[in-house]
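I note what I looked up and what came back.

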Amino acid sequence: MRMNFKRMLSASVIAIGYVASFSATAATPAPATMAGDFGPPQGAPIHAVLTSPPNVPPPTNRKAPAKVIVELEVVEKEMPISEGVSYTFWTFGGSVPGSFIRVRQGDTVEFHLKNHPGNKMPHNIDLHGVTGPGGGAASSFTAPGHESQFTFKALNEGVYVYHCATAPVGMHVANGMYGLMLVEPPEGLSPVDHEYYVMQGDFYTAGKFREKGNQPFDMEKAIDEKPTYVLFNGAEGSLTGDKALKAKTNEKVRLFVGNGGPNLVSSFHVIGAIFDKVRFEGGSNVQTNVQTTLIPSGGAAIVEYQTKVPGSYIMVDHSIFRAFNKGALAIMKVEGPEDKSIYSGKEVDSVYLGDRAAANMASVTTATANAASGTLTVQDQIAAGKSLFNGTCSVCHQPSGSGLPGVFPPLAKSDFLNADPKRAVGIVVRGLNGKVTVNGSEYNSVMPPMNQLNDDEIANILTYVLNTWGNVGGQVKSAEVKAERQKVAAKAAAEH
């Protein structure tokens, strides 16, 4: 019996293995779409077209593998991270994220990494699409003013993150050293009307969110995983206003979405769109009819959808405070005829966009620059305050300042405001909870402290309100807001 049992068990294992093997073979695509070697390069070498975000290089449109030469330069440069805030980014190709690389499965890639002579740090590159030690990092350590070269074969199709892997790795990545490489399948991707490149990253600055001036990297915040900013394409507002992505109705859109990290997982969502297809984790499997897709740190996805009605489609990390309080927000503007059978057509950008609802933030930039040079005028503040108000305050108090009867008090011709304009500074900083009487009507609602606004922004918004809708006029200065904030901090410290 024991012998027969063993034979039966052995036969069962063989049968199961055969069925599993058969099933795997039946479900497996043709070898051309698998990881593999399609032979030596054919034809003359090709210099890869590299693009800065949000642009994507054109499809390779090749039927055979080629030798592709990629030349990528590391540049350390100071760039805006928010309005009036700069940061010294470390970049691949001068942008955050770095240049988009597009090759075909089976290509032999000759990679040249150059470290600009003006840089201060050595760098290398780890391409997740490379089969080899460190993804190329072991072969590409490059000092300033030098160039490294290595070669790899792109064996696996998909979209892959690349990043710097020089110690301390987290600091290099946190400073913006990441990007995407697409390895097309031999047959290419299906045709679409638009392809765009969007990549999320978390940034750690010594100053608070939107604190003006050049902000250095904060290692302690990074280790604690408490980012100051969570951004698409390296800057707040990088894909809003006149820099928003564009499409027309009834077009197919493909987004290559990456997450450089270094710490956070992204919950990528487009408000008002459902993804027809998602190649999740950058691989070959496809999920359909997806609302939100998870993208791990150091991972990517390809999402596709068709535009159907016009309007603003807001891209967010749906860990939602990151979108509205740390900057992880972008826009795709879709133009074309309405289709009332699908959507009625009413659109209020400011509900979702905050102060990014404005076509651009030029007035805020002007006010910031003039404040730094000591030439700030009341008119500068009014113009900047209007842009900020329309995104931050108008949802409750309405664009006309009329408020909502019984819910939010009016700011227009407000006897409460005009009786003591400076009192408004404390209300915005501290918040207001309880009953107030404005223009003869009682309101009992809650206004939270506007902690997401910095001193300049509060001063500009209040200056705009005081000089609009028949109010008394006047000016609120940033120093007054700062002093009020210090009182709040001192009181909190004393209570502890």
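I started at Gly374, which takes a positive phi of about 80 degrees just after helix α6. The model is predicted, so I kept to its limits: local features need pLDDT of at least 70, side-chain atom pairs count only at pLDDT 80 or more, and totals for chains, interfaces and linings use all residues. Residues are numbered from 1 along each chain as its sequence is written, and side-chain values use heavy atoms, with hydrogens and water left out.

**Helix α6**

I took helices and strands as DSSP runs numbered from the N terminus (helices H or I, at least four residues; strands E, at least two). Helix α6 covers residues 362–373, and I checked its length. The expected span is 1.5 Å times one less than the number of residues.

Which residues of α6 are buried? I found Ser363, Val364, Ala367, Thr368 and Asn370. Buried means under 20% relative accessible area, exposed over 50%, and partly exposed in between (1.4 Å probe, protein chains only). The cover over these buried residues includes α7 (378–392) and α11 (455–466), with contact meaning heavy atoms within 4.5 Å.

I followed Ser363 across to α7. Ser387 lies in helix α7, and its side chain joins that of Ser363 in a polar contact of 3.0 Å. A polar contact is a pair of N or O atoms within 3.5 Å; within protein, one must be able to donate a hydrogen and the other to accept it, and residues adjacent in sequence count only if both atoms are side-chain atoms. Ser387 has a relative accessible area of 13%, so I logged Ser387 as buried.

**Salt bridges**

I counted a salt bridge where a side-chain nitrogen of Lys or Arg is within 4 Å of a carboxyl oxygen of Asp or Glu. The structure holds 18 of them.

- Asp455 and Arg485 have their closest N and O atoms 2.8 Å apart. The pair links helix α11 to helix α12, 30 residues apart. Asp455 counts as buried at 17% relative accessibility, and Arg485 as partly exposed at 21%.
- Glu484 and Arg430 meet at 2.2 Å, N to O. Glu484 is in helix α12 (residues 478–495) and Arg430 in helix α10 (residues 423–430), 54 residues apart. Glu484 is buried at 14%, while Arg430 is partly exposed at 41%.
- Glu110 and Lys67 come to 2.9 Å between their closest N and O atoms. Glu110 is in strand β5 (residues 108–115) and Lys67 in strand β2 (residues 67–82), 43 residues apart. Glu110 counts as buried at 12% relative accessibility, and Lys67 as partly exposed at 30%.

**The five-stranded sheet**

I then read the strand order of an open sheet of five strands: β13-β21-β20-β15-β18, with mixed pairing. Two strands pair if DSSP finds at least two bridges between them. Why do β13 (245–248) and β18 (292–295) each have one side left without a neighbour in the sheet? Both stand at the edges, and each has a single partner strand. Neighbouring strands of this sheet are turned by 20 degrees against each other on average, direction ignored; the axes are lines fitted to C-alpha atoms.

Last, I opened one pairing. Strands β15 (residues 266–271) and β20 (residues 311–317) run antiparallel and are joined by four bridges. I noted that His269 has Val316 in β20 as its bridge partner.

How values were computed
Axes are lines fitted to C-alpha atoms, for helices over the stretch in contact, and angles run from 0 to 180 degrees between N-to-C directions.
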